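Here are my comments on the model you sent. They go from the whole chain down to single residues.

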Amino acid sequence: MSPPLWITAWTLLLHGCAAGRAPQAPSSRNDIRDCSADPAYLPRTATNTTARLAALRGIMRTHGVHAYIVPSTDAHMSEYISQQDARLGWLTGFTGSAGTAVVTQDKAALWTDSRYWTQAERELDCNWELQRTISIESIGMWILKAVPAEGKVGLDPFLFSIDTWNSYSRALHGSGRTLLPLETNLVDQAWGDQRPLPSSSEIYSLPAEFTGRSWQEKVAGIRQQMEQHTRHPTAVLLSGLEETAWLFNLRGDDIPYNPVFYSYTLLTNTTISLFVEESRLSAAARESLRSGCPGPLCVELRDYGQVSAHLRHYTQGSVTVWLGTEYTTYGLYSIVPKEKLLEESYSPVMMAKAVKNAHEQEMLRAAHVRDAVAVIQYLLWLEKAVPQGHVDEFLGAQQIDAFRWAQEHSRGPSFQSISASGLNAALAHYSPSNGSSRTLSAREMYLFDTGGQYLDGTTDITRTVHWGEPTPLQKEAYTRVLMGNIDLSRLIFPSNTAGRTVESFARRALWDVGLNYGHGTGHGIGNFLSVHEWPVGFQSNNVPLEAGMFTSIEPGYYQDGEFGIRIEDVALVVEAQTEHQSGEKPFLTFEVVSLVPYDRNLIDLSLLSPEQIRYLNSYYERIRARVGPELRRQRLEEAFAWLQESTEPFPVSGACPAAAGTLALASLLPVLLSGLGA
């Protein structure tokens, strides 16, 4: 049987200008555990969890539980969590942002994805098995082997999404094992008075100039969607912390690097209930929320812990509750009778937040200009300081954060800075600690993935540099990562295209030579909100791309035990200027708003096509036009000179002639879209 047409199209795409090299086997090293040794070897980064497991197992026996499942998230399905919600980290010692642990009376296992396998081997002690997958099917199979028939598997229903709960239920169905919801969290009991206290800081209103619309206008827009929906829901339940913060133009700092606060919202046709610790609201925030009282724009302030009871009471009436299943826990979901639910993957607030209006777009552009100034200052500082041999990864992370803090409207970093030299850069989400970080060297590659929070926007950018002589593989891999970044950034595609459909264009140059990377290609980003903002991006559960959405574009390559490469820019989805128009809606493309040049020392021009070099030169012209004046306004003349030198145009004459794969990018896109299902 002949392959489908879209497979044939991909076959044409997978050809490049130069031959590639096979990755080398990683070298042996002593930075990971070795539980097969006698005695077992543990690096100093590992945590002794024996006492913690003993405490949890004692509590499990008290509750009659044979196994207990511990996720990495909180009651709002947040990607990043506060210290008081870091239950998985406390129990296991593993500090990655994604994972699941299962503990029985005699076994303990951790599941995580490929981003964190090496990190887990550095941080786990030998009490733990590492399962190199995140498949719930795998977790279920492990439980079936470890838990006897008729055994009880406990978990906190307010820490699991609806889909995850249902997946566990299916995995155990018919096995005789019972999935037992326990509203008392057993890890919290084991943690005891050592568990960090919740934040008590102020919740404040954003100044009007930093909001896209007033909160009253946003509420009116959501209520209009409720009226227009065929199901005519009477209420929208908001569980995601970003949702309530965005809706009411409020910010806090309950979660590190994320200006959000613990809250829920129940918005009905005529009432608004905000579940929050009222005493933490600033006077201005309280006045804003209560300014419409009495009336349909009056926000009733209710205790954070009363959301379940209030929802249970509300759903006794003739109502329909609209919720987004991605951010609602099974604990809340199970309160609402099935016939009174309107379920969609994302709430209307999450969808409205994803598409930035003109003012929000301009704010994010402005934030990225000032952020570029900070990153350029850092690159200049590194060029001077690294040859002296006194800069390590931790100091580097502190320095880039300091440059950002000096910028106007700065509110600090948007996540813990990734500052990784040499083999540490092969860990996609490595972050250094004081006293255990490598010294930066001109003989090694250095990757820094950092971002800033500003009142007008959130930023996220990654650059990889080498101050000495890179190896041929390092240079080729870097150039191919850059080619993937360019190919996706300049792609023109039909409206309503899913990000997953075009994601492979970022991988094509790597695939040409048998290379790849194990993480996603991009994620949405907020206006002074989360650095990873759903539902925008290139994964299977992201929504189709629309003009006004911001996403990162971040291909990479990681040679385990040696080096890592990632090039990340934030881009705005905009209407493309095309010669023709097919259909009612215009085609789309990306406008890159990150404005920092790439490392010329790592670019092999012979691999780039003329089109790719012209794109680079055009991008550098925009950097000069946008960032140059800001550097001069801030009287940073040395940084301005560095920028001018770093953005000199590349000659097109030495480029690789456009191969079939390059030429096919545009001509074969309709075939790919029809085959993959845009």
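Predicted model: local features only at pLDDT ≥ 70, side-chain atom pairs only at ≥ 80, totals over all residues.

1. Along the principal axes, the C-alpha atoms fill a box of roughly 70 × 70 × 65 Å.

2. Secondary structure and packing. The chain holds 22 helices and 27 strands. Buried residues account for 58% of the 678 residues. Of the contacts between residues at least 6 apart in sequence, 73% join residues at least 24 apart.

3. Surface and charge. The accessible surface comes to about 27000 Å², and 51% of that belongs to carbon and sulfur atoms. The chain carries 55 positive and 73 negative charges, and their mean positions are 1 Å apart.

4. Domains. The domain assignment gives domain 1 (49–194), domain 2 (204–354) and domain 3 (358–646). Between domain 2 and domain 3, the C-alpha centres lie 34 Å apart. Their contact takes 21 residues from domain 2 and 25 residues from domain 3.

5. Threonine 328. Is threonine 328 buried or exposed? Threonine 328 counts as buried because its relative accessibility is 1%, below the 20% cut-off. Threonine 328 sits in the loop between strand 13 (321–324) and helix 12 (330–333). Beyond its neighbours within four places in sequence, threonine 328 is in contact with Met77, Ser161, Ile162, Ser239, Leu323 and Tyr333. Its C-alpha atom is 7.8 Å from that of leucine 238, a residue 90 places away along the chain.

6. Cis peptide bonds. Most peptide bonds are trans, and most residues other than glycine have a negative phi. Where do cis bonds occur here? One runs from cysteine 293 to proline 294, with omega near -10 degrees; proline 294 is in the loop between helix 10 (283–290) and strand 12 (299–302). Another runs from tryptophan 534 to proline 535, with omega near 10 degrees, and proline 535 belongs to strand 22 (residues 533–537).

7. Asparagine 249 has a phi of about 55 degrees, a positive value, although it is not a glycine. Asparagine 249 is in the loop between helix 9 (241–248) and strand 9 (250–251) and counts as buried at 7% relative accessibility. Phenylalanine 528, also not a glycine, has a positive phi of about 50 degrees. Phenylalanine 528 lies in the loop between strand 21 (523–524) and strand 22, and its 2% relative accessibility makes it buried.

Methods: Residues numbered from 1 in each chain as written. Heavy atoms only, no water. Helix = DSSP H or I, 4+ residues; strand = E, 2+ residues; numbered from the N terminus. Buried < 20%, exposed > 50% of the residue type's maximum accessible area, 1.4 Å probe, protein only. Contact = heavy atoms within 4.5 Å. Areas by Shrake-Rupley, 256 points an atom, 1.4 Å probe, with all protein chains shown as cover. Lys, Arg positive; Asp, Glu negative; His and termini not counted. Charge placed at Lys NZ, Arg CZ, Asp CG, Glu CD. Domains from an automatic or database assignment.
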